[in-house]
Amino acid sequence: VIATDLYTFKWGVGSNIIPGEYVQLNLVNAKKGSNDAYEKLLETLKPVVEECIKAGELKGFNVWKRTYATNVGGENDYTVTFTFATLDQALSWASGKTGMGDEYKKVYPKDDVANLNIKLNDLRDVVSQELWELVDITD
């Protein structure tokens, strides 16, 4: 066993991942005293992510908060996931060929995704990013 951690689902949009689809896991630490502000900022992304899903760039997005940690193999406060129907879709997102810039501007016309990224970087550190293929599901 590498780690036994418990996460609480905070929120998500989109459909569930099925075998053969892909998920990008972003393991994130909120900076000291920034948890509430980080969660609030992520919540402002709901309509943006919904637009990304409508545009076919994503299948889903979920935010999980760590509630129990073994501290084995590293530590993170949140796991933020992007789900994709195909590997090409996942690689396009991960490489920056697609992203939420246009959808962010559509939802927040007076703001820019670059400002969002500055705010995110002020509130959190990305511990790691991993791309996984879902192989099977059990009941």
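This is a predicted model: local features need pLDDT of at least 70, side-chain atom pairs count only at pLDDT 80 or more; totals for chains, interfaces and linings use all residues.
Let us start with the strands. Five of them make an open sheet in the order S1-S3-S4-S2-S5, and the pairing is antiparallel. At the edges are strand S1 (6-14) and strand S5 (124-133), each of which pairs on one side only. On average, neighbouring strands of this sheet are turned by 20 degrees against each other, direction ignored.

One example to look for is Tyr-22, whose bridge partner in S5 is Glu-133. S2 is also joined to S4, here by 7 bridges, and these two strands run antiparallel as well. In that pair, Asn-26 has Val-80 of S4 as its bridge partner. Moving on, S3 and S4 pair over 6 bridges, again in the antiparallel sense. Here you can find Asn-62 opposite Thr-81 of S4.

## A helix across the strands

Helix H1 (residues 35-43) lies across S1, S2, strand S3 (60-68), strand S4 (78-84) and S5. The helix runs at about 15 degrees to S4.

## Strand S4, covered on both faces

How many of the residues of S4 are buried? The count is 7 of 7, so this strand is mostly covered, with buried meaning under 20% relative accessible area. In a regular strand, side chains alternate between the two faces of the sheet. In S4, Tyr-78, Val-80, Phe-82 and Phe-84 are on one side, while Thr-79, Thr-81 and Thr-83 are on the other, and all of these are buried.

Leaving aside residues up to four places away in sequence, Thr-81 touches Val-23, Gln-24 and Leu-25, along with Gly-60, Phe-61 and Asn-62. Why does Thr-81 count as buried? Its relative accessible area is 7%, and the cut-off for buried is under 20%.

| Residue | Relative accessible area | Class |
|---|---|---|
| Thr-81 | 7% | buried |
| Leu-45 | 3% | buried |
| Leu-87 | 36% | partly exposed |
| Tyr-68 | 47% | partly exposed |

Leu-45 is located in the loop between H1 and helix H2 (46-54). Which residues does Leu-45 touch, not counting those up to four places away in sequence? They are Met-100, Tyr-104 and Leu-116. Leu-45 and Gln-129 are 84 residues apart along the chain, and their C-alpha atoms are separated by 19 Å.

Tyr-68 belongs to strand S3. Its contacts, again without residues up to four places away in sequence, are Thr-4, Asp-5 and Leu-6. Tyr-68 and Tyr-7 are 61 residues apart along the chain, yet 6.9 Å separates their C-alpha atoms.

## A patch on the surface

Leu-87 is part of helix H3 (residues 87-95). With Leu-91 and Leu-131, Leu-87 forms a nonpolar patch on the surface, and together the three have about 240 Å² of accessible area. Leu-87 is partly exposed because its relative accessibility, 36%, falls between the 20% and 50% cut-offs.

Technical notes. Residues are numbered from 1 along each chain as its sequence is written. Side-chain values use heavy atoms; hydrogens and water are left out. Two strands pair if DSSP finds at least two bridges between them. Helices (H or I, at least four residues) and strands (E, at least two) are DSSP runs, numbered from the N terminus. Axes are lines fitted to C-alpha atoms, for helices over the stretch in contact, and angles run from 0 to 180 degrees between N-to-C directions. Contact means heavy atoms within 4.5 Å. Buried means under 20% relative accessible area, exposed over 50%, partly exposed in between (1.4 Å probe, protein chains only). Patches are made of residues with over 30% relative accessible area and no salt bridge: like charges are joined within 9 Å, nonpolar side chains (Val, Leu, Ile, Met, Phe, Trp, Tyr) within 5 Å. Accessible areas come from the Shrake-Rupley method with a 1.4 Å probe; for residues, only the protein chains shown count as cover. A salt bridge is a side-chain nitrogen of Lys or Arg within 4 Å of a carboxyl oxygen of Asp or Glu.
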